[in-house]
Amino acid sequence: MLISNWKEAWKLWSVQCAMVIVLVNVLIAALPAVQDHMSVTVYAIVNAELAGLVTVFRVLSQLPITKSDSNG
């Protein structure tokens, strides 16, 4: 199902979690200092857990978007 008001998509937990994944990947790619302290295994585990959260959040009721839709 598509979001009726795409400008409100950032309120969805799954979208917020996906943005965290983007931020983590950019930090790892852009900051060599972080690469020295995070092994490939830790990086893969963090990415896998965050991706799993996106899946869980997509299944859960997205309360923030529901509240804003009922008010307007």
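**Figure 1. Val24 and its contacts.** Apart from neighbours within four places in sequence, Val24 is in contact with Val46 and Leu50. Contact here means heavy atoms within 4.5 Å. The model is predicted: local features need pLDDT of at least 70, side-chain atom pairs count only at pLDDT 80 or more, and totals for chains, interfaces and linings use all residues. Residues are numbered from 1 along each chain as its sequence is written, and side-chain values use heavy atoms, with hydrogens and water left out.

**Figure 2. The largest nonpolar core.** Val24 belongs to the largest nonpolar core, together with Cys17, Ile21, Ile28, Leu50 and Val54. That makes six residues. The elements giving two or more residues to this core are α1 and α3. Helix α1 gives the most, with four residues. A nonpolar core is a set of buried Ala, Val, Leu, Ile, Met, Phe, Trp, Tyr and Cys residues joined through side-chain atoms within 4.5 Å. Buried means under 20% relative accessible area, exposed over 50%, and partly exposed in between (1.4 Å probe, protein chains only). In soluble globular proteins, nonpolar side chains tend to be buried together.

**Figure 3. Asn47 in helix α3.** Asn47 is found in helix α3. Is Asn47 buried or exposed? Asn47 counts as buried because its relative accessible area is 17%. Setting aside neighbours within four places in sequence, Asn47 is in contact with Ile21 and Asn25. Ile21 is also a member of the largest nonpolar core.

**Figure 4. Gly52 and Cys17.** Gly52 has its place in helix α3. Its relative accessibility is 32%, so Gly52 counts as partly exposed. Gly52 and Cys17 are 35 residues apart in sequence. In space they are 9.7 Å apart, C-alpha to C-alpha. Cys17 is one of the residues in the largest nonpolar core.

**Figure 5. A nonpolar surface patch.** Met19, Val22 and Val26 make a nonpolar surface patch of about 270 Å². Patches are made of residues with over 30% relative accessible area and no salt bridge; like charges are joined within 9 Å, nonpolar side chains (Val, Leu, Ile, Met, Phe, Trp, Tyr) within 5 Å. Accessible areas come from the Shrake-Rupley method with a 1.4 Å probe; for residues, only the protein chains shown count as cover. Met19 is found in helix α1 (residues 13-30). With a relative accessible area of 52%, Met19 is exposed.

**Figure 6. The Glu8–Lys11 salt bridge.** The structure holds one salt bridge. The side chains of Glu8 and Lys11 meet in a salt bridge at 2.6 Å, N to O. The term covers a side-chain nitrogen of Lys or Arg within 4 Å of a carboxyl oxygen of Asp or Glu. Lys11 has 22% relative accessibility, so Lys11 counts as partly exposed.

**Figure 7. Leu60 in a loop.** Leu60 lies in the loop between α3 (40-59) and α4 (63-71). At 41% relative accessibility, Leu60 counts as partly exposed. Leu60 and Ser14 are 46 residues apart in sequence, yet 9.2 Å apart in space, C-alpha to C-alpha.

**Figure 8. The whole chain and its confidence.** The protein has four helices and zero strands, in the pattern α-α-α-α. Helices (H or I, at least four residues) and strands (E, at least two) are DSSP runs, numbered from the N terminus. Buried residues make up 18% of the 72 residues. Among contacts between residues at least 6 apart in sequence, 69% join residues at least 24 apart. The protein exposes about 5400 Å², and carbon and sulfur atoms supply 71% of it. The average pLDDT (the predictor's confidence in each residue, from 0 to 100) is 75, and 81% of the residues score at least 70. Among the elements, α3 has the highest mean pLDDT (83) and α4 the lowest (50). Where pLDDT is low, the predicted coordinates should not be read in detail.
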